[in-house]
Amino acid sequence: MGRLDDFRAYRERMNARIHEKGTIVTKRFFNLDGKCYEAGALDGKTKEMLGLAASMVLRCDDCISYHIVRCAEEGVIRPELMEVFDVALIVGGPIVIPHLRRAHELLDEVMPANGQ
């Protein structure tokens, strides 16, 4: 099992547990989070790229992983992701570099170099 499979399995298992045990506030927050990334004035692809940049600046590896997967599902191509990574690095500074390394590692699993 690779990093991507581990991430997906853990996220799915724990989200189910949170939905089962969580309060109405927690459930509403999860719902709001999902709704925020739906297409509106901005399309879903753009919103996922924004979420990825923000997650990198905030240094949340789980969020970075989630948004890399979602970006791939939304049709973001590798050159676009490289520019998102650049924006995050400029905004967040050198503290983002360890997260950038892990983002590249996961990206290679999600989107092999010979793919896009």
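Colleague: Which helices each supply at least two residues of the lining of the largest pocket?

Modeller: Good place to start! This is a predicted model in which local features need pLDDT of at least 70, side-chain atom pairs count only at pLDDT 80 or more, and totals for chains, interfaces and linings use all residues. Residues are numbered from 1 along each chain as its sequence is written, and side-chain values use heavy atoms, leaving out hydrogens and water. With helices taken as DSSP runs (H or I, at least four residues) numbered from the N terminus, those supplying at least two lining residues each are H1, helix H2 (24–36) and H4.

Colleague: How much space lies in that largest pocket?

Modeller: A pocket is an open set of points on a 1 Å grid over the protein atoms alone, where a 1.4 Å probe fits, with protein on both sides within 12 Å along at least five of seven lines; lining residues have an atom within 4 Å of a point. The volume is the space filled by probe spheres set on the points, which are joined across faces, edges and corners. For the largest pocket this is about 570 Å³.

Colleague: Which lining residues are the closest to the centre of the largest pocket?

Modeller: The lining of the largest pocket divides into ten nonpolar, four polar and five charged residues, and H1 gives the most to it, with seven residues. Here Ala, Val, Leu, Ile, Met, Phe, Trp, Tyr, Cys and Pro count as nonpolar, Asp, Glu, Lys and Arg as charged, and the others, Gly among them, as polar. Of the 19 lining residues, the closest to the centre are Arg 11, Asn 15, Phe 30, Asp 33 and Tyr 66.

Colleague: Let's turn to H4. How far apart are the end C-alpha atoms of helix H4?

Modeller: Helix H4 covers residues 61–73, which is 13 residues. The expected span is 1.5 Å times one less than the number of residues, so H4 should span 18 Å. The model agrees, as the end C-alpha atoms of H4 are apart by 18 Å.

Colleague: Which helices do the buried residues of H4 pack against?

Modeller: Buried means under 20% relative accessible area, exposed over 50%, and partly exposed in between (1.4 Å probe, protein chains only). In H4 the buried residues are Ile 64, Ser 65, His 67, Ile 68, Val 69, Arg 70 and Cys 71. With contact taken as heavy atoms within 4.5 Å, they pack against helix H1 (3–21), helix H3 (44–58), helix H5 (78–92) and helix H6 (97–110).

Colleague: Which residue does Arg 70 meet in a salt bridge at 3.5 Å, N to O?

Modeller: A salt bridge is a side-chain nitrogen of Lys or Arg within 4 Å of a carboxyl oxygen of Asp or Glu. Arg 70 of helix H4 has such a partner in helix H3, so the pair ties together parts 22 residues apart in sequence. Both residues are buried, and the partner at 3.5 Å is Glu 48.

Colleague: Which residues does the salt-bridge network around Arg 70 and Glu 73 join?

Modeller: The side chains of Arg 70 and Glu 73 meet at 2.7 Å, N to O. Being three residues apart in helix H4, they are separated by about one helical turn. Glu 73 is exposed, with a relative accessible area of 52%. Salt bridges that share partners make one network of Glu 48, Arg 70, Glu 73 and Glu 74.
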